[in-house]
Amino acid sequence: MRWIVVALIWGLSGWVPSHAQGTLLERRESLYNNIYVYERGDYVVMQFGKNQRFWTESVYDRRDRKILPVVYTQYLTLALVYANKLDSVLEIGLGGGRTVAYLNLHVPTLSITSVELDPDVIDLAKIYFDVVPSESLQLVERDGRIHLLRDVRQHDVILVDAYRGPFVPFHMLTREFYQTAQRRLTEGGVLAQNIEPTTMLFDAAIATMATVFDHVELYPAQGNVVAIAYDGPRRAASTLNARAESLQREHDFRYRLPDLLQDRRFLTGTIDAEPLTDDFAPVEMLKSIQRHNLGIDGISTPAGSEK
């Protein structure tokens, strides 16, 4: 999760030096990131760092596995309310894995797959963030865009929470990305994505989603925005409220779905931004993904190791 979490929990803002984060539990220089795991009181925090800047990727409260300290992750769970059925969820971007762990705890019958580019992130999520793979929670080491291209299975919900520092990787914001995700949704399925609204690509990302999906709805989440996109008729408020109440009674979510639903917002007017496109051939797109996935310090993926 993002730097905004540090401001939320510890009253800080922007980037912070490493010595301000508490006790360093582990540091790794992976192929893709400089990863730091800190302990501060009951919290365990995963951060990515570059040039003395640090971005929070995940926060785990060890007092209770069902606590989601990062507010936008609570709103991501609203995607379940919009979906016509709930058999399969795909998440792109594991981080510390708190969102999928939360869903797995509340809905153990739900088949969840989380796709994460960095094997070290997966490993650290298991060690420090109480992420336990099981028959109902699968972890896949692969770039999320490539996974959508190669795995043709469909899902009722796709959650996108992939970040490189403060930015969503560009290849997960384009029209072609959303069109591929759209094909991987079941009928009545829904895509939910966390997008940091202060980034220069926010308006363009929302405009791009709106060119692919019939509807894009927004949920402000204390500094972040969760966008929910779907096709077909607009979900009526009465229908969503009834669905939220039903799911809440059945699964007893810690963060009540009917309450979160009250922050629903709609796109109004015209977005003054051009939709984002890949603008290159498929082979060039794969090469571009590899370039985007270069390590923080320019460490490239070894030949033949493409996921």
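This is a predicted model: local features need pLDDT of at least 70, side-chain atom pairs count only at pLDDT 80 or more; totals for chains, interfaces and linings use all residues.
Visitor: What share of the residues is buried?

Guide: 55% of the 307 residues.

Visitor: And how many helices and strands are there?

Guide: The protein has 11 helices and 12 strands.

Visitor: Tell me about the sheet. What is the strand order?

Guide: Eight strands form an open sheet, in the order E7-E6-E5-E8-E9-E11-E10-E12. The pairing is mixed.

Visitor: Which strands are at the edges?

Guide: Strand E7 (137-141) and strand E12 (265-266). Each pairs on one side only.

Visitor: Start at the E7 end. In what sense do E6 and E7 pair?

Guide: Strand E6, residues 111-116, pairs with E7 in the parallel sense, over 5 bridges. Valine 115 stands opposite valine 140 of E7 there.

Visitor: Now the other end. Which sense do E10 and E11 take, parallel or antiparallel?

Guide: Antiparallel, with 7 bridges between E10 (residues 215-221) and E11 (residues 224-230). Proline 220 faces valine 225 in E11. The two strands make a hairpin with 2 residues between them. Glutamine 222 has a positive phi near 50° in that hairpin.

Visitor: How many bridges join E10 to E12?

Guide: 2, and these strands run antiparallel. Glutamate 217 stands opposite phenylalanine 266 in E12.

Visitor: How many of E10's residues are buried?

Guide: 6 of its 7, which leaves E10 mostly covered.

Visitor: New topic: helices. What does helix H4 lie across?

Guide: Helix H4, residues 98-106, lies across E5, E6, E7 and E8. It runs at about 170° to E6.

Visitor: And H7?

Guide: Helix H7, residues 175-183, lies across E5, E8 and E9. Its angle to E9 is about 140°.

Visitor: On to the inside. Which residues touch the most other members of the largest nonpolar core?

Guide: Leu78 and Ile228, in a core of 55 residues. Helix H5, residues 119-128, gives the most to this core, with 5 residues.

Visitor: What does leucine 78 contact, leaving aside neighbours within four places in sequence?

Guide: Leucine 78 is in contact with Tyr219, Ile228, Leu257, Leu260 and Leu261. Another core, of 30 residues, lies apart from the largest one. Its members include Ile92, Phe177, Ile195 and Phe202.

Notes
Residues are numbered from 1 along each chain as its sequence is written. Side-chain values use heavy atoms; hydrogens and water are left out. Helices (H or I, at least four residues) and strands (E, at least two) are DSSP runs, numbered from the N terminus. Buried means under 20% relative accessible area, exposed over 50%, partly exposed in between (1.4 Å probe, protein chains only). Two strands pair if DSSP finds at least two bridges between them. Contact means heavy atoms within 4.5 Å. Axes are lines fitted to C-alpha atoms, for helices over the stretch in contact, and angles run from 0 to 180 degrees between N-to-C directions. A nonpolar core is a set of buried Ala, Val, Leu, Ile, Met, Phe, Trp, Tyr and Cys residues joined through side-chain atoms within 4.5 Å.
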